[in-house]
Amino acid sequence: MRKTGLILLSLLVVVLVFSVPAFAHFQLIYTEESALEKGEEVDLKLVFTHPFEAGHTMDMGMPLEFGVVHKEKKKDLRSKLTPIMFESLTNKGKAYEASYKLRGMGDYIFYVIPEPYYEGSEDIYIQQITKVILNVAGAPTDWDAEIELPVEIVPLDKPYGLWAGNVFRGIVKVNGKPVPYCEIEVEYLNHDIVGNKFSKTEKVEAPQDAFVTLTIKANKDGEFTFGIPCAGWWGFAALGAGGDLTYEGKELSQDAVIWVQAKEMKKFFGQIQNERE
Amino acid sequence: MRRIVIVLTACVVLGCFLMLQAPWVFGHTPLCSCWDNEDGTVTCEGGFSDGSSGTGIAMRVVDKKSGKVLVEGKMDEDSEFTFDKPDMPYKVQYDAGPGHLVEIDGDDITE
């Protein structure tokens with residue numbers, strides 16, 4: 001009887017441990033501002049984390065590729081990467097940072113192809129190929145370009161020119177071809193990043209777990225649309241966009257990630273009024 | 001009557017030609033950004049909000065106080081214009097036509 005009780009208790013512990021909600025992993029290329037008035041030096045942080053909850057930050061290895069595309073020219077920036085420790089609300093994880101001087105008008109697409117990360121709880125590898133697009137002086141040059149990543153989300157709306165309340169649309173692609181009905185996880189960067197850590201203050205409280213990681217699906221042509229409810233950074237991760245892949249004998253989920261930044265229009269109404277007064 | 005038709009046709013052809021030559025007539029916003037090369041020169045880049053080039057657009061560098069033109073030129077084939085940095089306070093003018101003048105204060109032009 002005691003033995004049965006112990007077994008049941010063990011089972012309960014196992015169930016409880018594995019029923020903790022698995023929030024979405026997101027590869028981040030973070031910078032404060034995506035729409036810049038003029039060319040300047042920007043600081044970028046590459047962090048593999050859980051952006052809504054500012055939760056567990058995974059250790060990153062040296063990225064396989066990190067670079068920028070500007071006016072159709074690709075530039076390798078791996079030599080600019082410096083390792084850092086990034087502090088989440090629960091731990092510290094290995095991450096990277098880089099500074100890059102933007103000179104001249106137009107779009108700058110920063111991208112990273114990380115080393116696959118082994119996720120023990122799922123016994124799979126995850127590789128989130130990520131991009132973020134910055135703009136100088138409002139001149140559009142590359143934002144809608146495909147930059148020949150193995151998997152990528154090609155934007156249909158300027159990712160740096162969004163008001164809160166706009167929609168963001170994109171096409172999920174693998175080797176340049178659309179991925180039909182791909183599952184896409186969407187998360188809000190719910191804590192500011194200050195230095196090399198998340199701020200403790202959360203911007204919004206999720207009413208229920210379904211609101212932490214929002215899930216949408218692409219249509220038959222790989223296109224998706226998401227209505228942006230509030231200002232800030234929003235991440236989109238097209239899961240398994242790379243198809244059935246393996247890495248070191250295990251399943252590899254090769255995901256395409258893009259980050260977009262929306263602005264609160266009311267905030268700028270205020271600025272005009274202040275200037276008039 | 002025939003003369004009127006010829007004149008109207010000529011006007012339409014001329015109008016189409018001007019529209020093709022001048023992107024700003026479509027209402028695109030002119031854009032210009034400058035930076036200090038730290039070698040005594042300044043480079044400006046121009047364009048329009050639809051991504052079109054600013055090649056050929058008139059550029060002026062003027063004395064901030066008197067308005068006197070110090071340097072005059074045009075955006076080159078790369079839509080850039082480089083000039084020697086004046087010793088006096090100055091402004092850069094990217095002149096994309098009436099009502100489409102972008103002015104940049106020299107004090108705001110940094111490295």
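Start by selecting A:Tyr111 and A:Lys131: A:Tyr111 stands opposite A:Lys131 in β11(A). What you have open is a predicted model, in which local features need pLDDT of at least 70, side-chain atom pairs count only at pLDDT 80 or more, and totals for chains, interfaces and linings use all residues. Residues are numbered from 1 along each chain as its sequence is written, while chains are lettered from A and ligands numbered from 1 in the order in which they are written. The pLDDT is the predictor's confidence in each residue, from 0 to 100.

**Stop 1: strand β11 of chain A**

Now select residues 124-136 of chain A, which form strand β11. Strands here are DSSP runs of E with at least two residues, helices are runs of H or I with at least four residues, and both are numbered from the N terminus. Of the 13 residues in β11(A), 12 are buried, so the strand is largely enclosed by the rest of the structure. Buried means that 20 or more other C-beta atoms lie within 10 Å of the residue's own; exposed means 12 or fewer, partly exposed is in between, and the C-beta atoms are placed from the backbone.

Next, look at the partners of β11(A). Two strands are said to pair if DSSP finds at least two bridges between them.

- β9(A) runs antiparallel to β11(A), joined by 7 bridges.
- Strand β10 (residues 117-119) of chain A is also antiparallel to β11(A), with 3 bridges; the bridge partner of A:Tyr118 is A:Tyr125.
- Strand β2 (residues 35-36) of chain A pairs with β11(A) in the parallel sense over 2 bridges, and A:Ala35 has A:Asn135 as its bridge partner.
- β23(A) pairs with β11(A) in the parallel sense over 8 bridges, with A:Val132 opposite A:Trp259.

While you are at the β10(A) and β11(A) hairpin, which has 4 residues between the strands, click on A:Asp123: its phi is positive, near 55 degrees.

**Stop 2: A:Ile109**

Move to strand β9 (residues 106-113) of chain A and pick A:Ile109. Is A:Ile109 buried or exposed? A:Ile109 counts as buried because 23 C-beta neighbours are inside 10 Å. Leaving aside neighbours within four places in sequence, A:Ile109 is in contact with residues including A:Val68, A:Lys131 and A:Ile147. Contact means that the C-beta atoms of two residues, placed from the backbone, lie within 7 Å.

**Stop 3**

Select residues 232-238 of chain A, strand β21, where 6 of the 7 residues are buried. Strand β16 (residues 183-188) of chain A runs antiparallel to β21(A), joined by 5 bridges, and A:Val186 stands opposite A:Phe236. Strand β23 (residues 250-263) of chain A also pairs with β21(A) in the antiparallel sense, over 7 bridges. There, A:Ala238 has A:Ala256 as its bridge partner.

**Stop 4: A:Glu72**

Select A:Glu72 in the loop between β5 (65-70) and β6 (73-76) of chain A. The phi of A:Glu72 is positive, near 70 degrees, in a residue other than glycine. A:Glu72 is exposed, with 9 other C-beta atoms within 10 Å.

**Stop 5: chain B**

Switch to chain B and find its open sheet of 3 strands, in the order β1-β2-β5 with antiparallel pairing. The edge strands are β1 and β5 (80-84) of chain B, each pairing on one side only. β2(B) and β5(B) are joined by 5 bridges, and B:Thr43 has B:Thr82 as its bridge partner.

Then colour chain B by pLDDT: the mean is 84, and 76% of its residues reach 70 or more. Residues 15-26 of chain B have pLDDT below 50, and beyond near neighbours in sequence this stretch has 12 contacts in the model.

**Last stop: where the chains meet**

Show both chains: 11 residues of chain A are in contact with 7 residues of chain B. The predictor gives the complex an ipTM of 0.74 and a pTM of 0.86.
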